Amino acid sequence: MISRKSREELKLMRHAGSIVALVHQEMKKVICEGISTLELDEVAHKIIKENKAVPTFLGYHGFPGSICASINEQVVHGIPSKDVILRSGDIVSIDVGATFRGLVGDGAWTYPVGEITEDKKMLLETTQKALMAGVSRMMNGNLLEEVSAAIEDVALAKGLGIVRQYGGHGVGRNMHEDPFVFNYRTGNKTILKTGMTIAIEPMLNLGKDDVYVLDDDWTVVTADEKPSAHFEHTVYVGENGPEILTKLS
């Protein structure tokens, strides 16, 4: 069942989303060659706690970090580690959730480390464009399929692979709620209604669609070892159109 949020719930989700945005604002500043993904996790954890929120990911089904940090061919769910050091030319996807008074904000961004190749630049630009195309269709009365189609069209126009096993989702009292949002057409006839809050999150690959999970039971990687990008916003279906909640208020 898809929940619709009350005004009070929406207020709390805006605040949770602003904390997620604060983390990403700081990630943009501190990501550089030589920093470890564990150090990034520590920065994010501190910001979330200082803002009287709870790191949503920490302990979720046993996940050991406050963020997911996924490098290059890693798609999602990368575990922060002191042994994983960023190098110039890498791209790193940072996914973070913050829970404030029981309501969740969830957002991801992929960052370049130093100078990256033109192919990687295109991947990042296109995945961000796909996110915003999906967000633009988050309007009362639209079909959820329109969101998926908008994302797919942007990806296919650049020949990028679309991760099939993972996608967006409802979010609110729980990090994962109904509905699931595919990043490609499936014929979904779910009607979007004012009050819904959904995380839109395209994951696009420079190569093919196929991915698999590493032996750590978390980290998802591309089967062809080509880079992947991940962008995500928590979005409210408002009376006057979509409202991105994971931005600074």
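**Stop 1: the largest nonpolar core**

Start by selecting Met-27, Ile-31, Leu-40, Leu-86, Val-92 and Ile-94: in the largest nonpolar core, which has 37 residues, these touch the most other members. A nonpolar core here is a set of buried Ala, Val, Leu, Ile, Met, Phe, Trp, Tyr and Cys residues joined through side-chain atoms within 4.5 Å. Buried means under 20% relative accessible area, exposed means over 50%, and partly exposed is in between (1.4 Å probe, protein chains only).

Now colour helix H1 (7-30), helix H2 (37-50), strand S2 (67-71), strand S4 (91-100) and strand S5 (103-112), which each supply at least two residues of this core. H1 gives the most, with nine residues. Helices (H or I, at least four residues) and strands (E, at least two) are DSSP runs, numbered from the N terminus.

Before going on, a word on the model: it is predicted, so local features need pLDDT of at least 70 and side-chain atom pairs count only at pLDDT 80 or more, while totals for chains, interfaces and linings use all residues. Residues are numbered from 1 along each chain as its sequence is written, and side-chain values use heavy atoms, with hydrogens and water left out.

Zoom in on Ile-31. Leaving aside residues up to four places away in sequence, Ile-31 touches Leu-40, Leu-86, Val-92, Ile-94, Tyr-111, Pro-112 and Val-113; contact means heavy atoms within 4.5 Å. Apart from this core lies another, of 29 residues, including Ala-133, Val-135, Leu-160 and Tyr-184.

**Stop 2**

Select helix H3 (residues 118-136). Its buried residues include Leu-123, Leu-124, Ala-130, Leu-131 and Val-135. Click Asp-119, also in H3: at 48% relative accessibility, Asp-119 counts as partly exposed.

The axes of H3 and H4 (lines fitted to C-alpha atoms over the stretch in contact, with angles from 0 to 180 degrees between N-to-C directions) come within 8 Å and cross at roughly 155°. The two helices are therefore roughly antiparallel, a label for angles over 145 degrees. To see the contact, show Thr-126, Lys-129, Ala-130, Ala-133 and Gly-134 of H3 with Val-147, Ala-150, Ile-151 and Val-154 of H4.

**Stop 3: Thr-234**

Finish at Thr-234, in strand S14 (residues 233-238). Is Thr-234 buried or exposed? Thr-234 is buried, with a relative accessible area of 1%. Not counting residues up to four places away in sequence, Thr-234 touches, among others, Met-13, Gly-105, Asp-106, Val-171 and Ile-198.

Note on methods:
Parallel < 35°, antiparallel > 145°, perpendicular 65-115°, else oblique.
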